[in-house]
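Let's take a walk through a protein model together. Have a look at the picture first, and then we'll go through it piece by piece.

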Amino acid sequence: MKQRVDLHTHTSASDGTDSPAELVDNARKAGLAAVAITDHDTLSGLAEASARARECGDIEFVRGVEVSTGTDQGEMHIVGLWVPEDCEPLEKALAAMRAKRGERNERILAKLDTLGIHLTMDDVLREAGGESVGRPHIARALVSAGHVRTITEAFDLYLGSTGKAYLAKDVMDPEEAVSIMAKIGCSVFIAHPMLKPYPPGWIEEFVKRLQPFGLCGIEAWHSEHTEADSRAVIGIARRHHLCVSGGSDYHGRNKPRISLGTGYGSLLVSTDAFGRLKQWREEQGLPC
């Protein structure tokens, strides 16, 4: 009997390397009972993945998205699961954000040009498999053109927050992202809340800030979370009557050490935990 699910993964529609259909196939090979695709700021891979899962018939597919938002502690990501097919408000908000990101990409290329590094947008688009185009694709273009040896070097020297060509991203307010997704029937979670250190109590205050807008949960299990991190998140969830979710944050070859369903090897998001999420949705009168 399958015991494991993965509710946080990425495809070539954003910054992963598997096509949506390939990711579903790979999730089946990994023995997963269910998988969600949560590409960054785009829904463009969901139809292909959903069709592939229906064709296979032996894996449950959850339509998802990971939305970038801004806070006083930097960027925070919000995951929406069970994105309905009719989701025009979310589509419009994401399209507006991608348009702003396109302008930022052009400005980054202009900054690189002043540093003597000449890339065109066509060079970047060749590295992108979908409509969500950003710094990971510029990094790959830098590698392909021989300006750096690795993606890590591209971020360290040019694209990371201390890089010579860095520009801050224009993102949604977290309240807006949560509200839009909750209103169309998504289950909405704070993604990987222990990925970096925050001031004591900050995550809990962030939870309380977003609950009135429809936040239903928080990711307890993630490839970068320790067991202590997961226990701490579960404690926050219990105190605030939240659901818990999680996943590997799989990106294919872009994060080659992270495997579907198991992360670095010890990750386990159980089918029981998945069942509790579906039960919560049923209690709210929401479809699974």
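Before anything else, a word on names: helices (H or I, at least four residues) and strands (E, at least two) are DSSP runs, numbered from the N terminus. Keep in mind too that this is a predicted model.

**A tryptophan to start with**

With those labels in hand, find Trp82, which sits in the loop between E4 and H3. Is Trp82 buried or exposed? Its relative accessibility is 8%, so Trp82 counts as buried, the cut-off being under 20%. Leaving out residues up to four places away in sequence, Trp82 touches a whole list of others, including Val62, Arg63, Phe274, Leu277 and Pro287.

Now for the strands. Eight of them make an open sheet with mixed pairing, and the order is E7-E6-E5-E4-E3-E2-E1-E8. At the edges you'll find strand E7 (243-247) and strand E8 (269-270), each of which pairs on one side only.

What happens at the E7 end? Strand E6 (residues 217-222) runs parallel to E7, and five bridges pair them. In that pairing, Glu219 stands opposite Ser245 in E7. Although E7 is an edge strand, five of its five residues are buried, so E7 is largely enclosed by the rest of the structure. Cys243, Ser245 and Gly247 point one way from E7, while Val244 and Gly246 point the other way.

Further along the order, strand E1 (residues 4-6) and strand E2 (residues 34-37) run parallel, joined by two bridges. Here Asp6 is the residue opposite Val35 in E2.

In soluble globular proteins, nonpolar side chains tend to be buried together. In this model the largest nonpolar core has 66 residues, and the ones with the most contacts inside it are Leu90, Met181, Ile190 and Ile218. Helix H8 (residues 202-210) gives the most to this core, with five residues. Apart from this core lies another, of 19 residues, among them Leu109, Ile117, Val124 and Ala141.

Setting aside neighbours within four places in sequence, Met181 is in contact with Val65, Val67, Ile78, Val79, Gly80, Leu90, Cys186 and Val188.

Back to H8: its buried residues are Trp202, Ile203, Glu204, Phe206, Val207 and Leu210. What covers them includes E3, E4, helix H7 (174-183), strand E5 (187-190), E6 and H9. H9 has a buried residue worth a look too. Ser230 is found in helix H9, and apart from residues up to four places away in sequence, Ser230 touches Ala220, Trp221 and His225.

Most residues other than glycine have a negative phi, and most peptide bonds are trans. Asp41 has a positive phi of about 60° although it is not a glycine, and His241 has a positive phi of about 55°. Asp41 is in the loop between E2 and helix H2 (46-56), whereas His241 lies in the loop between helix H9 (227-239) and E7.

| Residue | Relative accessibility | Counts as |
|---|---|---|
| Asp41 | 0% | buried |
| His241 | 74% | exposed |
| Ser230 | 9% | buried |

**The pocket**

Last stop: empty space. Rolling a probe the size of a water molecule over the atoms shows where empty space is left. How much space lies in the largest pocket? About 1300 Å³. Its lining is made of 45 residues, with Asp15, Glu75, His77, Arg135 and Phe155 lying nearest the centre. By class, that lining has 14 nonpolar, 18 polar and 13 charged residues.

Which elements supply the lining? Strand E3 (60-71), strand E4 (74-81), helix H3 (88-114), helix H5 (135-144) and helix H6 (151-159) each supply at least two residues. E3 gives the most, with five residues.

Methods. Residues numbered from 1 in each chain as written. Predicted model: local features only at pLDDT ≥ 70, side-chain atom pairs only at ≥ 80, totals over all residues. Heavy atoms only, no water. Pairing = 2+ DSSP bridges. 1 Å grid on protein atoms, 1.4 Å probe; cavity = no way out; pocket = protein on both sides within 12 Å on 5 of 7 lines; lining within 4 Å. Points joined across faces, edges and corners; volume = space filled by probe spheres on them. Nonpolar A, V, L, I, M, F, W, Y, C, P; charged D, E, K, R; others polar. Core = buried A, V, L, I, M, F, W, Y, C linked by side-chain atoms within 4.5 Å. Buried < 20%, exposed > 50% of the residue type's maximum accessible area, 1.4 Å probe, protein only. Contact = heavy atoms within 4.5 Å.
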